[in-house]
Amino acid sequence: MADPGSASQGLGALLGELAAFGLAIGFSPLHIGLLLLLLLGPRPLQRGGWFVAGWLITAVLVVTLLTTAGHGLFLGMEKGSSHRTGLDLVAAGVLLGLGMKELLNKGDGSAEPPGWTRKLDQFCAMPLPLLLAVSAALEVVRPDALFLFTKTAGSLLAAGLGTGTELLATGVFSLVSASLLLMPLLALLLAGPERVLALLERGKQWLFAKGDLLVGLVSVALAFYLGWQGIEGLHLG
């Protein structure tokens, strides 16, 4: 019979790994900047609330599709398998390249704001349904997000969880991935615009100045983690 303590530790480690993947996916300066603009504009709670809900629904749907329709792809995703090791090493290479590109771009001394900031006003002007569709597409098509969604699904299937526990883990992952969006929305909801709007404006300016640098650092850190996982898998394989 399985040791309940070991099972609990295994679930805790899995949830910690999924939370790390979710947080990395959620650190999207474009989405955070877009939400801040929505919260600083008309009908902030309505538009911001739908925006965050759209992110959550997209995260749940992507993981659910990958663990159902993509089930056959992940059957051999246990640690040390060629599938998982290959994914880890490819993801590490892609993330390292993306991270170094962001860091080198921020190290060139340019005072120009990042290119993505110039698109935010155009996104904000879109009708809400179209904005949510574009947001969902951008949430998924980023190379780092694609790899991390895939890693999440592979980790869930390799863990062999029951349906209820898998749904719980998917929910934890999705909530953590939305945490950086939920915080400003909840702050506005709980504290009111009088107290929060100036803080949101400062947060937007800071994000425009530092967002790409932080994305680069997060990408490089994830690249080293996934590279270590891949090398460990090579030894186990």
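Which element gives the most residues to the lining of the second largest pocket? The answer is α10, with 6 residues.

Before I go on, the ground rules. This is a predicted model, in which local features need pLDDT of at least 70 and side-chain atom pairs count only at pLDDT 80 or more, while totals for chains, interfaces and linings use all residues. Residues are numbered from 1 along each chain as its sequence is written, and side-chain values use heavy atoms, with hydrogens and water left out.

Now the overall picture. The protein has 10 helices and 0 strands, where helices (H or I, at least four residues) and strands (E, at least two) are DSSP runs numbered from the N terminus. Read along the sequence, the pattern is α-α-α-α-α-α-α-α-α-α. Of the 237 residues, 41% are buried; buried means under 20% relative accessible area, exposed means over 50%, and partly exposed is in between, with a 1.4 Å probe and protein chains only. The protein exposes about 11,800 Å², and carbon and sulfur atoms supply 71% of that area. Accessible areas come from the Shrake-Rupley method with a 1.4 Å probe, and for residues only the protein chains shown count as cover. Among contacts with a separation of 6 or more, 85% are between residues 24 or more positions apart. A contact is heavy atoms within 4.5 Å.

Back to the pockets. Rolling a probe the size of a water molecule over the atoms shows where empty space is left. Here the search runs on a 1 Å grid over the protein atoms alone: a pocket is an open set of points with protein on both sides within 12 Å along at least five of seven lines, a cavity is a set where a 1.4 Å probe fits but cannot get out, and lining residues have an atom within 4 Å of a point. Points are joined across faces, edges and corners, and the volume is the space filled by probe spheres set on the points.

The second largest pocket holds about 260 Å³ of space. It is lined by 13 residues, and the closest to its centre are Ile32, Leu36, Leu180, Pro184 and Gly203. The elements that give two or more residues to this lining are α2, α9 (179-191) and α10. By class, the lining has 12 nonpolar residues, 1 polar and no charged. For these classes, Ala, Val, Leu, Ile, Met, Phe, Trp, Tyr, Cys and Pro count as nonpolar, Asp, Glu, Lys and Arg as charged, and the others, Gly among them, as polar.

The largest pocket has a volume of about 540 Å³. Its lining has 25 residues, with Pro29, Glu102, Arg142, Asp144 and Val215 nearest the centre. Two or more lining residues come from each of α2 (29-40), α4 (82-106), α6 (128-141), α7 (143-159) and α10 (193-236). The classes here are 14 nonpolar, 5 polar and 6 charged.

Is α2 largely enclosed or open? It is largely enclosed by the rest of the structure, because 11 of its 12 residues are buried. Among those buried are Pro29, His31, Ile32, Gly33 and Leu36. The expected span is 1.5 Å times one less than the number of residues.

Arg43 has a positive phi of about 45° although it is not a glycine.

Helix α3 (residues 44-68) has 25 residues, which should span 36 Å, and its end C-alpha atoms are 36 Å apart. Its buried residues include Phe51, Val52, Trp55, Thr58, Ala59, Val62 and Val63. An α-helix has 3.6 residues a turn, so residues three or four places apart point the same way. Val60 is also in α3 but is partly exposed, at 34% relative accessible area. Leaving out residues up to four places away in sequence, Val60 touches Thr170 and Ser174.

Last, Leu222 in helix α10. Leu222 is buried, with a relative accessible area of 11%. Beyond residues up to four places away in sequence, Leu222 touches Ala24, Leu95 and Leu148. Leu222 and Leu148 are 74 residues apart in sequence, and their C-alpha atoms are 9.7 Å apart.
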